[in-house]
Amino acid sequence: MTTFIDPSREIGRIDPKLHGQFIEFLGECIDEGLWVGEDSPIENEHGYRKATLDALRALEPPLLRWPGGCYADTYHWRDGVGPRTERKTTFNENFATYELDDHSFGTDEFLRLCEMLGAEPWININMLSGTVAEMKEWMEYCNREQPTDVALERARNGHEAPYGVKYWGIGNEVWAGGGTMTPSTYMDEYRRFASAMPKFTTDVFAPSPMYAIACGPDGNKPREREAWTQDFFRALAEYRQPPSNGYDLHFYNWNVDNDADTPTEFDEDGWNTVIDGCLELEDILRDQWRLMQDGLALIHEPEVAMDTKLEHVDLIIGEWGNWHKTAFFARPALRQQVTMRDAVTTALTLDLLQRNCDKVSMACNAQTINVLNSLVLTEGEATILTPNYDVFMMYKAHRDAVALDVPRQDAADESVYTFASKSQDGKELLVDLTNAHMNDAAEITVVIPAVARVEEATVLAAADPHDCNTAEQTDLIRARTVPVADMVKATAAGSGTELVVSLAPASVNTLRIALD
Ligand code: AHR
């Protein structure tokens, strides 16, 4: 097969926040996976598990969402601030976690982590069992510059300067565990919470730095997701609009129909089901984006000159990832292993998000550690980086680059998927070539209408598609740079370049290409 990569066919800038991550008090995602406490025998830096922290430092996730998920709707932030010995102990039932919750990782621990990683924090408030006053005080604790009681409390807890948290989720999956609401009951709640958000500006005409994220639909329900978005925006268009900046759709690639299929045991049908499943997100987000534009068009023109009109709401994919059936019965809760099947879908999902960077502005992998589509797994003292971690690392150079319009792969019998971006200075391409066939190697011809030179080739592949990294073999699957000549045969073709690239079965590959 042949793919054409024309550096002049620009889609737009890839917001680094498309590479966001999600951590929740669920299973061992935070407790054990990220936070072990200062007294732990496991090596730690002020309580953060050192090996996880180092891996995240190298990854530099641009966005980190916390504390849930469903957990957010049970979370009272005051339980997790102040001296750790005085914090409450509660019981965590979230997704069958069934553990005591000593709240030693709270708001300050989360926001210091974001500072260490250079990540933008996204905090999801408790809309179900919390109150507007509780939300408001949490925002004040994080962001108030003036010496109010709550700002002084933050200073006493070790952080004098405001954290400047911009992104706030108002409700999580309110169509299910977050309240089983309808768009209209949610809108009634959303209007109250969003309108009560402090503005954190002393210029009455300046826009607030706060960013309100509304709950979008269940991306896995075709009829409901369409109706939800239509009804949500119809309700939003009625009368005046509260602060509304983002709209958060969740999509999981469910693999729950075949009991014999597990994260590490699958046949080719099971492989293909999971690959095809992740690709559905592209049509979903495009449909949703169109519905959002239709909905925004219902908003009336302002009646007076001083009023502004809500013209735009960002589409966000706040949770995405593979969810295999065995995760429901796993201990710790929702833990699943990661093979090249997951790494390939992680690559394809990042590709489709990047390709739609003119429609989606932020997205979070669910979840970073020990839960579902993990980048890091921990087992006692062992910290294991999964092949998903390598995919995110290989894709770092796409952040802030310009996505290119590479014709989309549709043919069912072709298994190689491509995506490309161009650096801001126009001198370099990063090309992703993913061979989504479980067993067959592939060859693809990449045609570039420019003089181009492959500088670096990186391959992520396993000897067996069922392989995974474990405590015994932590680096069984690792991305490696290979001699370019082993993988690519380049020929000049007129004023352009033709690259014939060999791809291992079930592999994620990137080429860094210099343009002359
Ligand atoms: O990621 C696990 C759970 O999936 C989250 O808590 C919830 O938002 C979603 O249903």
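Reply: Begin with what a helix axis is: a line fitted to C-alpha atoms over the stretch in contact, with angles taken between N-to-C directions from 0 to 180 degrees. Keep in mind that the model is predicted. Two packed helices are described by the angle between their axes and the distance between the axes.

Me: At what angle do the axes of helix α1 and helix α9 cross, and within what distance do they come?

Reply: Helix α1 covers residues 50-59 and helix α9 residues 387-394; their axes come within 10 Å and cross at roughly 30 degrees. Angles under 35 degrees count as roughly parallel. α1 and α9 are therefore roughly parallel to each other.

Me: Which residues make that contact?

Reply: From α1 come Ala-55, Ala-58 and Leu-59, and from α9 come Tyr-389, Phe-392 and Met-393. By class, the contact of α1 with α9 has six nonpolar residues, no polar and no charged ones.

Me: How does the reading go for α2 and α3, and at what angle do their axes cross?

Reply: The axes of helix α2, residues 107-117, and α3 cross at roughly 45 degrees and come within 12 Å. That makes α2 oblique to α3. The crossing in which α2 passes α3 is right-handed. On the α2 side the contact is made by Thr-107, Asp-108 and Leu-111, and on the α3 side by Trp-138, Tyr-141 and Cys-142. The residues of the contact of α2 with α3 divide into four nonpolar, one polar and one charged.

Me: What about α3 and α4: at what angle do their axes cross?

Reply: Helix α3 spans residues 132-143 and helix α4 residues 149-156; the axes cross at roughly 55 degrees and come within 8 Å. That makes α3 oblique to α4. α3 passes α4 in a right-handed crossing. In α3, Glu-137, Glu-140, Tyr-141, Cys-142 and Asn-143 meet Val-150, Glu-153 and Arg-154 in α4. The contact of α3 with α4 divides by residue class into three nonpolar, one polar and four charged.

Me: Now the ligand. Which residues around the ligand come nearest?

Reply: There are 13 residues around the ligand, and Glu-24, Glu-173, Tyr-252, Glu-319 and Gln-367 come nearest. Then look at distances between polar atoms. For Glu-24, an N or O atom in the side chain is 2.8 Å from an oxygen atom of the ligand. For Tyr-252, a polar side-chain atom lies 2.7 Å from an oxygen atom of the ligand. For Asn-172, the distance from a side-chain N or O atom to an oxygen atom of the ligand is 3.1 Å.

Me: Which residues are joined by a cis peptide bond with omega of about 0 degrees?

Reply: Trp-66 and Pro-67 are joined by that cis peptide bond, with omega about 0 degrees. Pro-67 lies in the loop between β6, residues 63-66, and β7, residues 90-92. Another cis peptide bond joins Ala-366 and Gln-367, with omega about -5 degrees. Gln-367 lies in the loop between β14, residues 360-366, and β15, residues 376-379. Gln-367 was also named among the residues nearest the ligand.

Me: What is the phi of Leu-372?

Reply: Phi of Leu-372 is near 55 degrees, a positive value in a residue other than glycine. Leu-372 lies in the loop between β14 and β15.

How values were computed
Residues are numbered from 1 along each chain as its sequence is written. This is a predicted model: local features need pLDDT of at least 70, side-chain atom pairs count only at pLDDT 80 or more; totals for chains, interfaces and linings use all residues. Side-chain values use heavy atoms; hydrogens and water are left out. Helices (H or I, at least four residues) and strands (E, at least two) are DSSP runs, numbered from the N terminus. Angles under 35 degrees count as roughly parallel, over 145 as roughly antiparallel, 65 to 115 as roughly perpendicular and the rest as oblique. A crossing is left-handed if the near helix is turned anticlockwise from the far one by less than a right angle, and right-handed if clockwise. Contact means heavy atoms within 4.5 Å. Ala, Val, Leu, Ile, Met, Phe, Trp, Tyr, Cys and Pro count as nonpolar, Asp, Glu, Lys and Arg as charged, and the others, Gly among them, as polar. A residue is near a molecule or strand if one of its heavy atoms lies within 4 Å of it. A polar contact is a pair of N or O atoms within 3.5 Å; within protein, one must be able to donate a hydrogen and the other to accept it, and residues adjacent in sequence count only if both atoms are side-chain atoms.
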